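Hello,

Here is the structure I promised to pass on. Please open it and keep it beside you while you read my notes below.

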Amino acid sequence: MVKKWIGISALVVALIGGYFIVENRKSNAQEIVAEDFDIEEEEEIIEEENLLYGIAINGLQITEGVVGKNQTLSSILSPFNVPYEIIDQIAKKSKDIFDVRKIAFNKKFTVLTPIDSSQAQFFIYEPNASEYVVFRLDDGEIYKEEKPIELRHVEKGGVISNNLSSNMGELDITNDLIDQFADLFGWYVNFQGLQKGDIFKVAYKEKVVDGNVVGVTDIEAAYFQHKGQEYHAIPFEQNGEVNFFDQEGHSFKKSFLRDPVKYTRISSKYNPRRFHPVQKRYKPHLGTDYAAATGTEIRTVGDGTVVEARYTSANGNFVKIKHNDTYTTQYLHMSKIASGMKPGARVKQGQVIGFVGSTGLATGPHLCFRFWKNGKQVDWLAEKLPPSDPISKQNWEAFEKVKLEKINQIASIEITDKKEPLLAEK
């Protein structure tokens, strides 16, 4: 009996002890929870950093403007209490990065001034839509940066009702891309003899900065239908170089560009018996005249070496280039010969060698382009030049895959037909 009560007593003691332990743990836990709730966490307030041109502008006052007529760096910064000594210092220091003498009318600039000061700390100038130059006025640091560029895929197609330039322009295709297109198809299509109803299609990318189109990339695929004949321009990399090929694998690329000036109008062709507009007599016209505004860039149609770059009373300012033992070209009536053009200078296809003018015997601004073959002047427009290498046998299978992809892409491009309004009958 005694043993029984001892056992019961031990059990009761154990239960009571356990109760107090549990209650103690509960109490401690409640105290910890209470302490957690009583602690107020201090949140670190971090001021968001605002950036403009990559510069933290917190605490800076922003002034934006455009360059006025005849304004200079000095006249722009004087109202912002920048000492002349500092202006002169950064003008000298910046020449290798951006020559401040090239600050131009109507270009955007921004001045950043500390709120607690009247003297500007930063001057930012935008020479074009995609670049900016930062002048740090307190320590003389100068650097140039590019704005982020977004590439936007574009596909456009249209119908010729007037000419290539105006009809592509109606679809907001840039002059740069029109020139690329004309150069690409120049040896296949006579753009001086287009017919109404001819069709063009082109795929490319636009370069977009701050929501504005600032340029285009190279053509990705193109198509032209002229007099019912279809021409597909398919890009393909061969021998480490991307060129365009037709459906049969023939290269679009020739040893010469089709035109020495970007897409324009031919005003006079090769003619062995032409009435000279200045000399008022019949004499051979052994060149091709391209009508263009004064100052238009003239480019060499192929790689070569300058053999002459000078002025004569008949030719005006001109450049003559020897391309190889077979071909030589000459460019007449320039308003100005480009820098570096002198006998012996090497030039690359497409390089600017001068600018359209009316020097010498000329009635107006144009380029007279002359072409020699084996020492004899010939009709440039009638020449049949050999193309570059076609698609090789080992590349043909890969080319077929690219060709199918590009032809399907071109076929899917919708045509926008902006027909000219008919004249009202009287």
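**The largest pocket**

Helix H5 (175-185) and strand E13 each give at least two residues to the lining of the largest pocket. Keep in mind throughout that this is a predicted model. H5 makes the largest contribution to that lining, with five residues. The volume of the largest pocket is about 700 Å³. The lining counts 22 residues, and those closest to the pocket centre are Gln 180, Asp 183, Leu 184, Phe 244 and Leu 257. What classes of residue line the largest pocket? Ten are charged, eight are nonpolar and four are polar.

Now look at Asn 243, which sits in strand E13. Is Asn 243 buried or exposed? Its relative accessible area is 15%. Buried means under 20%, so Asn 243 counts as buried. Beyond its neighbours within four places in sequence, Asn 243 is in contact with Ile 234, Pro 235, Phe 236 and Lys 253.

**Helix H6**

Helix H6 covers residues 396-412, which makes 17 residues. From first C-alpha to last it reaches 24 Å, close to the 24 Å expected at 1.5 Å a residue. Its buried residues are Phe 399, Lys 403, Lys 406, Gln 409 and Ile 410. Why do they fall on the same side of H6? They cover an arc of only 130° around the axis, so they share that side.

What covers the buried residues of H6? The cover includes strands E8 (150-159), E9 (199-209), E11 (221-226), E12 (229-238) and E13 (241-245).

Asn 70 has a positive phi of about 65°, although it is not a glycine. Asn 70 lies in the loop between strand E3 (60-66) and helix H2 (73-77). Asn 70 is exposed, with a relative accessible area of 78%. Asn 106 has a positive phi too, of about 75°, and is not a glycine either. Look for Asn 106 in the loop between helix H3 (84-93) and strand E4 (108-114).

Thr 113 belongs to strand E4. Thr 113 counts as buried, at 7% relative accessibility. Leaving out residues up to four places away in sequence, Thr 113 touches Gly 59, Leu 60, Gln 61, Phe 80, Ser 118, Gln 119, Ala 120 and Gln 121.

**The whole chain**

The protein chain has six helices and 25 strands. It has 426 residues, of which 41% count as buried. Take the contacts with a separation of 6 or more: 62% of them join residues 24 or more positions apart.

Best wishes

Terms used: Residues are numbered from 1 along each chain as its sequence is written. This is a predicted model: local features need pLDDT of at least 70, side-chain atom pairs count only at pLDDT 80 or more; totals for chains, interfaces and linings use all residues. Side-chain values use heavy atoms; hydrogens and water are left out. Helices (H or I, at least four residues) and strands (E, at least two) are DSSP runs, numbered from the N terminus. The expected span of a helix is 1.5 Å times one less than its number of residues. Buried means under 20% relative accessible area, exposed over 50%, partly exposed in between (1.4 Å probe, protein chains only). The arc is that of the directions from the helix axis to the C-beta atoms. Contact means heavy atoms within 4.5 Å. On a 1 Å grid over the protein atoms alone, a cavity is a set of points where a 1.4 Å probe fits but cannot get out, and a pocket is an open set with protein on both sides within 12 Å along at least five of seven lines; lining residues have an atom within 4 Å of a point. Grid points are joined across faces, edges and corners, and a volume is the space filled by probe spheres set on the points. Ala, Val, Leu, Ile, Met, Phe, Trp, Tyr, Cys and Pro count as nonpolar, Asp, Glu, Lys and Arg as charged, and the others, Gly among them, as polar.
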